[in-house]
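Hello,

Here is the structure I promised to pass on. Please open it first, then read my notes below with it on screen.

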Amino acid sequence: MTQALKGIRILDFTHVQSGPTCTQLLAWFGADVIKVERPGVGDITRGQLMDVPNADALYFTMLNHNKRSITLDTKNKTGKDVLERLIKNCDVLVENFGPGVLDRMGFTWEKIQTLNPRMIVASIKGFGPGPYEDCKVYENVAQCTGGAASTTGFRDGLPLVTGAQIGDSGTGLHLALGIVTALFQRTATGKGQMVTCAMQDGVLNLCRVKLRDQQRLAHGPLREYSQFGEGIEFGEAVPRAGNDSGGGQPGRILKCKGWEKDPDAYIYFITQAPVWEKICDIIGEPTWKTDPNYAKPPARLPRLNEIFSRIEQWTMTKTKFEAMDILNEFDIPCGPILSMKELAEDKSLRKSGTVVEVDHPARGKYLSVGNPIKMSDSPTEVKRSPLLGEHTDEILMQVLGYSSAEVAGIKASGATEAPSRKPA
Ligand code: CAO
């Protein structure tokens with residue numbers, strides 16, 4: 001079976017997390033992704049948070065599957081010539097350098113267009129045009145500037161960042177969609193285009209329900225927030241809402257059996273209106289089905305703390321998995337709080353390829369996330385990340401058509417090797 005992006009070649013100038021997330025997805029869909037790395041150094045994540053000596057760190061391996069690696073000093077004259085040839089031979093250039101880096105390297109949009117008018121140039125930056133456009137940005141900066149931190153956490157606590165990498169991986173996902181859309185448009189126009197995605201914009205896009213609530217505030221209190229039932233006034237901006245559900249069906253995280261010792265013995269419980277009567281039966285409050293204080297959703301909103309406390313008395317008598325089984329039988333939406341250990345050991349996630357075991361020559365077997373997007377006609381086989389410069393010769397000769405004598409000349413120029421490893 002073939003793959004959706006087979007035949008598409010990506011010049012992958014990305015590093016750290018946001019850009020590599022994007023190009024890894026494209027590789028999983030079958031694109032030939034050529035990762036260009038600085039000789040001797042490579043992507044900084046190869047050496048960050050190392051757990052096995054002399055082996056690429058998991059930070060790198062888990063973001064760079066199915067890619068090939070070429071080392072190239074793009075500030076070296078010969079290196080620039082090789083880069084020009086790569087641009088002519090690729091469909092998409094993806095980068096997430098700091099602002100202005102590509103221009104300083106001498107590869108402006110205009111120059112790239114001259115070299116290859118069909119090329120799509122896709123970039124991630126921290127901010128879009130505006131006062132912060134020149135700033136460098138990492139994950140948590142994006143979470144803070146995109147509205148996630150101010151709306152995450154508890155009302156009386158600090159703003160919080162989330163464990164989900166919505167700034168980096170989230171923006172990488174957005175960019176990947178932009179790239180395949182541009183490739184689709186190119187089939188009609190024959191032309192490349194610039195695709196940009198700012199991390200602040202990506203995070204805000206994911207926080208749209210909070211922008212919704214910001215506008216609702218002008219028309220009265222947010223009645224589904226716990227603070228409404230607690231009689232606490234709303235300020236000018238959307239407050240942090242703890243574990244309140246962000247939608248119209250109130251929900252909370254509730255303790256389950258064993259919570260005293262197990263930090264993850266909790267379940268998310270949603271009091272979806274259509275199943276309210278079943279909830280009342282299960283928790284042993286059948287009169288709430290008809291009591292005007294509880295029977296209809298608007299009546300329940302000021303009483304959410306009382307209602308969830310009562311439901312928690314029931315969930316505390318069950319483990320999170322027992323509660324899940326019982327509630328699912330009645331179509332009551334809920335979900336156990338799963339630890340990373342539980343997810344890593346989950347058999348169904350292994351079976352579906354969402355969690356995969358990969359073998360690596362330096363570190364041995366390790367776990368990674370696989371492609372979360374499943375396509376019936378484009379299967380994903382997760383292959384290990386490349387060693388630094390592992391495919392330099394192969395790319396120079398097979399992709400760019402250099403002869404072995406020319407490759408020797410390129411190497412002698414220092415364009416592909418770190419100074420300490422230059423031939424004498
Ligand atoms: N050969 C020669 N030089 C190279 C090279 C190569 N193959 N690859 C990169 N470089 C050089 C660049 O030319 C640049 O040099 P100049 O500053 O002299 O022009 C230099 O490496 C540094 O590039 P950078 O600014 O991208 O890297 P940084 O470590 O200083 O900053 C980061 C990292 C992530 C903050 C910045 O790249 C950035 O803001 N990116 C956009 C937002 C983003 O994606 N952030 C998410 C990162 S994941 O958390």
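Start with T315, which sits in helix α13, residues 304-315. Keep in mind that this is a predicted model. Is T315 buried or exposed? Its relative accessibility is 0%, so T315 counts as buried. The cut-off for buried is under 20% relative accessible area. Leaving aside residues up to four places away in sequence, T315 touches L254, K255, C256, K257, I267 and F269.

Next, find helix α3. It covers residues 77-89, which makes 13 residues. From the first C-alpha to the last, α3 reaches 19 Å. That is close to the 18 Å expected at 1.5 Å a residue.

Which residues of α3 are buried? They are G79, V82, L83, L86 and I87. Now look down the axis of α3. The buried residues fall within an arc of 145 degrees, so they line one face of the helix. What do these buried residues pack against? Three strands are on the list: β1 (9-13), β2 (32-37) and β4 (92-95). The helices there are α5 (109-115), α17 (392-399) and α18 (404-412).

Check the N-terminal end of α3 too. N76 caps that end. A side-chain oxygen of N76 lies 2.7 Å from the backbone nitrogen of T78.

- K136: an N or O atom in its side chain is 2.4 Å from an oxygen atom of the ligand.
- G98: here a backbone N or O atom lies 2.8 Å from a ligand oxygen.
- H15: an N or O atom in its side chain is 3.0 Å from an oxygen atom of the ligand.

How much of the ligand does the protein bury? Taken alone, the ligand exposes 950 Å². The protein buries 84% of that.

Last, go to G157. Where is it found? G157 is in the loop between α6 (139-145) and α7 (168-189). Its relative accessible area is 33%, so G157 is partly exposed. That label covers values between the buried limit of 20% and the exposed limit of 50%. Then locate G242. G157 and G242 are 85 residues apart in sequence. In space, their C-alpha atoms are 9.5 Å apart.

Best wishes

Key. Residues are numbered from 1 along each chain as its sequence is written. This is a predicted model: local features need pLDDT of at least 70, side-chain atom pairs count only at pLDDT 80 or more; totals for chains, interfaces and linings use all residues. Side-chain values use heavy atoms; hydrogens and water are left out. Helices (H or I, at least four residues) and strands (E, at least two) are DSSP runs, numbered from the N terminus. Buried means under 20% relative accessible area, exposed over 50%, partly exposed in between (1.4 Å probe, protein chains only). The expected span of a helix is 1.5 Å times one less than its number of residues. The arc is that of the directions from the helix axis to the C-beta atoms. Contact means heavy atoms within 4.5 Å. A polar contact is a pair of N or O atoms within 3.5 Å; within protein, one must be able to donate a hydrogen and the other to accept it, and residues adjacent in sequence count only if both atoms are side-chain atoms. Accessible areas come from the Shrake-Rupley method with a 1.4 Å probe; for residues, only the protein chains shown count as cover.
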